[in-house]
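Please examine the structure shown below before reading on. The paragraphs that follow lead through it step by step.

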Amino acid sequence: MKKNMIKSLCSLLFRLALAVAVAAIVLAGACILMDGDLQEVMTAFFLGPIEDEYAIAEILREMVPLIFTGVAVSLMVRCGQFNMFVEGAFFGGAFLAGVLAPVLGEHFLLTPIIAILAAAVVMGAVGYIPAKMKSSLGVNEFVSSLMLNYIVYWVVMYLIHGVAADPDYPNATMYLEDAMRLPLLNEDTELSSNLIIALLVAVGSGLFLFKTKWGYALRMTGDNANFAVYSGIRAKRYVTASQVIGASLAGMGGASFLLGNYYRFQWASLPNYGFDGFVIASIAGNNPYAVPLAALFLGYLRVGALQVSRLGDIPNEVIYVIQAIIIILFGAQFVLSRKKKGGKKHA
Amino acid sequence: MLDWIFSESFLMNVIAYAIPIVFAAYASLISNKAGISAINIEGAMSIAAVTGALVSHYANSWVIGLTAAVIAGILMMMLLALAALKLRADNFLSGIALNTFATGACLLIVKVVLDGRTDSSTAPSVKVPNVDIPLLSDIPVIGKAIFGQNLLFFIALIVLGLLILLINRTRLGVQIRTAGYHPEAGESVGVSIRRTRTIALIICGAMAGLGGAYLSMANLGYFSAGMVSGRGFIGIAAEAMGAGMPVKTTLFALLFGAVDYFAVGGQTVLSFPYELLNTLPYLMTLLALTIYAAAHNKKKG
């Protein structure tokens, strides 16, 4: 047992080191291509994220959406579901919070909490559509949830161009007063308390997944649905539940992120956090407890890439390329932990 | 509104909007037949779109541009083969990763080549020409729509024929189907599953390349970030509805193309908010998937 843990920890560290190496190689390549100063770029990438408290706060800010979507994806993948609605639910949840909070008025803590819970409930309900389609009819949840993302996106666009918009501020919801938002942890760096909610969600999901009988049934369904059914688990119920919970957590994440870091909802495109959730889940091996660490890792890389792009030579998009390679790097292990069969062991 | 639907340009545009979806559906069809799902068709299409647009501009030739786009599409699928077949990463997850890769790489390429722009309208593509078959294109209503289409429409028709032949009449087709239906049986008689799937992915990549090239080299005269906007995924849905049958898949892709054009074209004709019209193709796909699955389950008993 203990030996196993050490072994998997070593494997994780090896992969993280490999991921950092890949990031450095991609950056160096881009640097040579764009005629940048290699030493300057590397310093900005590796030391930029910890150069002052603002940069560190930026990492912590980046972590919040990653934790929420990472946990949501982990729960769904543990049950064998590749649902993409995390993306749409995060977007929809943020929008709902932006609309609801001004309606609820200025009540310290109460307003943001009610808005966040409402976003969780509504997005969970919307997430029920692809979940039920999968469990009852066998419709591929990947395609249906992607379609649902686009539908949510355009409905939000419709509302924000019309009824939900601030009449004095086109294409945005009403201004969020301080009392409608989540309190700040630090006035200077504007670090929001939504980080605490994110960490609580990660721990709570970990407890749910590993310490309750529902969590056990959910994992069993993901490992082998037929076996789960034979042992008396109503697998279909968990297939639905895992996706609804995932969507609901993502909605909660969007709401917490908006009420922590923004003064209005005015996103014009899907923010891609849902797909980031898959990066995080694969680094964390679908373990909610490990999700905050994975988010810290990716947050660090992202702020590093941001610092590099501020130098002016290399565009920020280079991070997508690095992320893609990281997912594949962690992918092999991902299969082993999900199916526990076949495949050569790497590392 | 009826005038609009029964006009000559309506059918013309429906087919024009369906072409990228048709190619995406063929890409999905051939990979699924071989038992590997290529959800990075979406990403491969956008990489092909940006490659085709830029290469055709700088080489000043649509032939070279189209070839480059096809090669780009194939390369993207070879990355999937590398990740999912060679490194044995999860098939699905590799696809998601490669879509993420494509999102970033497309923007990087345009930004690097065109100094920080996110579209290539300053470097317009050399467009793939339209074909005008004499006499036939003079037939009222359907003439222009079918016989005066873009060259890629005719390529799609040829591809459809070749696909049917390939799957049903060739040795490779049998191997591809074996790799999909019963890989163990294939291995036991000496068919290399990995090799067969790689070949299927090459064809899949070429299809995605053609679809992407159509977007930036025929439909629009330049590449813009996010221009694929789910057409790859809709193609995958069309293939799911067509249940792996080429003709049926084509018909569903045409249907999705029709809804897609209805949403875009309707914005000027109908007094209906365009945002809600834009949900139509996706809503339609969702509905169609549900009905199809329900009917399929009933038949199975």
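**Charged pairs and packed helices**

At 12% relative accessibility, E317(A) counts as buried, because residues under 20% relative accessible area are classed in that way. The model is a predicted one, and every value given here is computed from it.

What does E317(A) pair with? E317(A) forms a salt bridge with K111(B), and the closest N and O atoms of the two are 3.0 Å apart. This pair crosses between chains: K111(B) belongs to helix α5 (residues 91-113) of chain B, whereas E317(A) lies in the loop between α12 and α13 (318-339) of chain A. Side chains of opposite charge can pair when their charged atoms come close.

Another residue of helix α5 of chain B is T100(B). With a relative accessible area of 4%, T100(B) is buried. Leaving aside its neighbours within four places in sequence, T100(B) is in contact with Y320(A) and Q323(A).

The count of salt bridges over all chains comes to nine. Two further examples involve R302(A). In one, R302(A) pairs with E62(A), with 3.5 Å between the closest N and O atoms. This pair links distant parts of the chain, since E62(A) is in helix α3 (residues 53-78) of chain A and R302(A) is in helix α12 (residues 291-311) of chain A, 240 residues apart. Both E62(A) and R302(A) are buried.

In the other, the side chains of R302(A) and D276(A) meet at 2.9 Å, N to O. Here too, distant parts of the chain are linked: R302(A) in helix α12 of chain A and D276(A) in helix α11 (residues 273-283) of chain A are 26 residues apart. Why does R302(A) count as buried? R302(A) is placed in that class because its relative accessibility is 13%. D276(A) is likewise buried, with a relative accessible area of 2%. Salt bridges that share partners join E62(A), D276(A) and R302(A) into one network.

The loop between α11 and α12 of chain A holds Y289(A). Is Y289(A) buried or partly exposed? Its relative accessibility is 36%, so Y289(A) counts as partly exposed. Not counting residues up to four places away in sequence, Y289(A) touches V203(A), G206(A), L207(A) and F210(A). Y289(A) and F257(A) are 32 residues apart in sequence, and their C-alpha atoms are 20 Å apart in space.

Attention now turns to helix packing in chain B. Two packed helices are described by the angle between their axes and the distance between the axes. Helix α3 (residues 41-59) of chain B packs against helix α10 (residues 193-219) of chain B at an angle of about 55 degrees, and the axes are 7 Å apart. That angle makes α3(B) oblique to α10(B). The crossing of α3(B) and α10(B) is right-handed. Among the residues that α3(B) brings to this contact are I41(B), A44(B) and M45(B), and those of α10(B) include C204(B), A208(B) and G209(B). By class, the contact of α3(B) with α10(B) has eleven nonpolar, six polar and no charged residues.

By class, the contact of α2(B) with α11(B) has nine nonpolar, four polar and two charged residues.

Which residues does I236(B) touch, not counting residues up to four places away in sequence? They are V143(A), S28(B), A38(B), I39(B) and I41(B). Finally, I236(B) and L163(B) are 73 residues apart in sequence and 16 Å apart in space, C-alpha to C-alpha.

Conventions: Residues numbered from 1 in each chain as written. Chains lettered and ligands numbered in written order. Predicted model: local features only at pLDDT ≥ 70, side-chain atom pairs only at ≥ 80, totals over all residues. Heavy atoms only, no water. Axes fitted to C-alpha atoms, helices over the stretch in contact; angles between N-to-C directions. Helix = DSSP H or I, 4+ residues; strand = E, 2+ residues; numbered from the N terminus. Parallel < 35°, antiparallel > 145°, perpendicular 65-115°, else oblique. Left-handed = near helix turned anticlockwise from the far one by under 90°. Contact = heavy atoms within 4.5 Å. Nonpolar A, V, L, I, M, F, W, Y, C, P; charged D, E, K, R; others polar. Salt bridge = Lys/Arg side-chain N within 4 Å of Asp/Glu carboxyl O. Buried < 20%, exposed > 50% of the residue type's maximum accessible area, 1.4 Å probe, protein only.
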